[in-house]
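Subject: Structure handover

Hello,

Here is the structure for your files. My notes on it follow below.

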Amino acid sequence: MENSDAALIEKIESLKKRRKAIFLVHNYQLGEIQDIADFVGDSLELSQRAAKTDADVIVFCGVHFMAETASILCPDKVVLLPDVHAGCPMADMITAKRLREKKKEYPKAIVVCYINSSAAVKAESDVCCTSANAVRIVEKLTDAEQILFVPDQYLGNYVATQTKREMILWPGFCPTHVRIQPRDITRLRTEYPQAKVVVHPECKPEVIALADAVLSTGGIIRLARETDAEEIIIGTEIGILHRLRKENPGKKFIPVSEQAVCPRMKLITLETILWSLENMTHQVKVSERIRLRAKAAVDKMLEG
Ligand code: 13P
Ligand code: SF4
């Protein structure tokens, strides 16, 4: 660690104590941010952790929809997103207005929304899901005549193949995960014949078809810990490699693509966290009218 980082971290830690803050950090964040976290996890684990915190302030080191979900679950806390531009492009591929129009086309459909969506879109949905529980959530919808899945077409397609349910898919996608190409997996399998291949369900179907396991980022962390394999090929955003290597020093982790970087996730830095705590900005707050409806969809997911 550089001296300047150590000085920054000292200031951050002292202000954090004064503000009674907690740092919730996604698995894709920069290594130095993961290292000062109170908790590092996937979207589901982070929302569960937010729901039970007794801190006054939640500093969300991730993207906007994650901070919004914390605000939906903890309306009395101050939720800070250190960079206002840290949004998820996939979440921006759908709006509440466009979803309302689609619902008119399919009036009988149950709407399942991926957590990578705005609070306003969640408010228009029946149940929320994350990549960790999407298959289970859809499996439980036994009475649904039709399922409209938004906004990730690739997660939706993966869930459809696992549940054998016919689903109407919104054409959204993650610009980072579509950079992961099947030919890179094929090449790495030849180079590392003993390796296990694990990918995120936001990848394209032709990538998923080549994987040994398809898991959320939290699932990838658990698999890495539990597997006997010593080499693991990772098909997701490369920020996760920091935690994988730190927790499993004896194992080798090979990214499918060094280009699988989510630029918005990387906007959170030590500097922006300090600035955020000093100025108590940017506060993410969902209006009560939207929050109550969005919370119903999130609660339905968290109930199991
Ligand atoms: P996880 O919930 O698996 O961490 O995924 C979040 C995400 O944004 C993946 O791109
Ligand atoms: Fe959104 Fe993709 Fe970034 Fe995840 S990796 S936050 S889905 S753009």
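The charged end of Lys16 sits over the ring of Phe23, 4.7 Å from the ring centre. The rule here is NZ of Lys or CZ of Arg within 6 Å of the ring centre and within 35 degrees of the ring normal. Please note that this is a predicted model: local features need pLDDT of at least 70, side-chain atom pairs count only at pLDDT 80 or more, and totals for chains, interfaces and linings use all residues. Residues are numbered from 1 along each chain as its sequence is written, chains are lettered from A and ligands numbered from 1 in the order in which they are written, and side-chain values use heavy atoms, with hydrogens and water left out.

Aromatic pairs come next. The count is zero. Rings of Phe, Tyr and Trp (its six-membered ring) pair if their centres lie within 6.5 Å; planes under 30 degrees apart count as stacked, over 60 as edge-to-face and the rest as tilted.

Two buried residues

His26 belongs to strand β1, residues 21–26. Helices (H or I, at least four residues) and strands (E, at least two) are DSSP runs, numbered from the N terminus. His26 has a relative accessible area of 3%, so it is buried. Buried means under 20% relative accessible area, exposed over 50%, and partly exposed in between (1.4 Å probe, protein chains only). Setting aside neighbours within four places in sequence, His26 has contacts that include Gln34, Val40, Asp42, Leu46, Cys61, Met66, Thr217 and Met265. Contact means heavy atoms within 4.5 Å.

Asn133 lies in the loop between β6 (127–129) and α7 (134–139). Its relative accessible area is 2%, so Asn133 is buried. Beyond neighbours within four places in sequence, Asn133 is in contact with Leu44 and Met301. Asn133 and Leu302 are 169 residues apart in sequence, but 9.6 Å apart in space, C-alpha to C-alpha.

Helix packing

Leu302 turns up again where α4 (residues 64–73) meets α14 (residues 288–302). The two helices pack at about 95°, with axes 9 Å apart. Therefore α4 is roughly perpendicular to α14. Axes are lines fitted to C-alpha atoms, for helices over the stretch in contact, and angles run from 0 to 180 degrees between N-to-C directions. Angles under 35 degrees count as roughly parallel, over 145 as roughly antiparallel, 65 to 115 as roughly perpendicular and the rest as oblique. From α4, Ser71, Ile72 and Leu73 take part; α14 brings Arg291, Ala294, Lys295, Val298, Asp299 and Leu302. The residues of this contact divide into five nonpolar, one polar and three charged. Ala, Val, Leu, Ile, Met, Phe, Trp, Tyr, Cys and Pro count as nonpolar, Asp, Glu, Lys and Arg as charged, and the others, Gly among them, as polar.

Backbone points

Which peptide bonds are cis? One runs from Val150 to Pro151, with omega near -15°. Pro151 is in the loop between β7 (146–150) and α8 (153–163). Another joins Thr281 and His282, with omega about -5°. His282 sits in the loop between α13 (270–279) and α14.

Met280 is in the loop between α13 and α14 too. Its phi is near 55°, positive in a residue other than glycine. Met280 counts as buried, at 19% relative accessibility. Lys20, in the loop between α1 (3–19) and β1, has phi near 50°, also positive in a residue other than glycine. Lys20 is exposed, at 53% relative accessible area.

Regards
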